[in-house]
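Dear colleague,

I am passing on the structure below, and my notes on what was found in it follow. Please read them with the coordinates open.

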Amino acid sequence: MKLYISVNGCDTNPGTADAPLASVIGARDKIRSVKETGITEPITVVIGPGEYNTPAIVFDDRDSGTASCPITYEA
């Protein structure tokens, strides 16, 4: 699964390439929702170019992947 973030995105979008999220916090929260039903594949968050004005991002144990289904953030 890939989630996309863009400066022109919206955190109510599904996070696809055509309808990206707006923030890392939005991606984190979407991943938390996905994890409630169980991760079945690796998740990669692709952060698009641009300047993001965001508050501090806090990750906790809900944000961890597994050895077979890691969660990766990349630019």
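**Salt bridges and their surroundings**

The side chains of R28 and D29 meet in a salt bridge at 2.9 Å, N to O, a salt bridge being a side-chain nitrogen of Lys or Arg within 4 Å of a carboxyl oxygen of Asp or Glu. R28 is buried at 12% relative accessible area, whereas D29, at 34%, counts as partly exposed; here buried means under 20% relative accessible area, exposed over 50%, and partly exposed in between (1.4 Å probe, protein chains only).

Before going further, please note that this is a predicted model, in which local features need pLDDT of at least 70 and side-chain atom pairs count only at pLDDT 80 or more, while totals for chains, interfaces and linings use all residues. Residues are numbered from 1 along each chain as its sequence is written, and side-chain values use heavy atoms, with hydrogens and water left out.

A search of the whole structure finds four salt bridges. Among them, D63 and R32 meet at 2.7 Å, N to O, and because D63 lies in the loop between strand 2 and strand 3 while R32 belongs to helix 1, this pair ties together parts that are 31 residues apart in sequence. Both D63 and R32 are buried, and salt bridges that share partners join R32, D60, R62 and D63 into one network. Within it, the side chains of D60 and R32 meet at 3.6 Å, N to O. Helices (H or I, at least four residues) and strands (E, at least two) are DSSP runs, numbered from the N terminus.

**Sheet, helix and core**

Three strands form an open sheet in the order 1-2-3, with parallel pairing, where two strands pair if DSSP finds at least two bridges between them. Strand 1 (2-5) and strand 3 stand at the edges with a single partner strand each, so one side of each is left without a neighbour in the sheet. Four bridges join strand 2 to strand 3, and I43 has I71 as its bridge partner in strand 3.

The largest nonpolar core is made up of nine residues, including I43 and I71; such a core is a set of buried Ala, Val, Leu, Ile, Met, Phe, Trp, Tyr and Cys residues joined through side-chain atoms within 4.5 Å. Strand 1, helix 1 and strand 2 are the elements that give two or more residues to this core, and helix 1 provides the largest share, three residues.

Best regards
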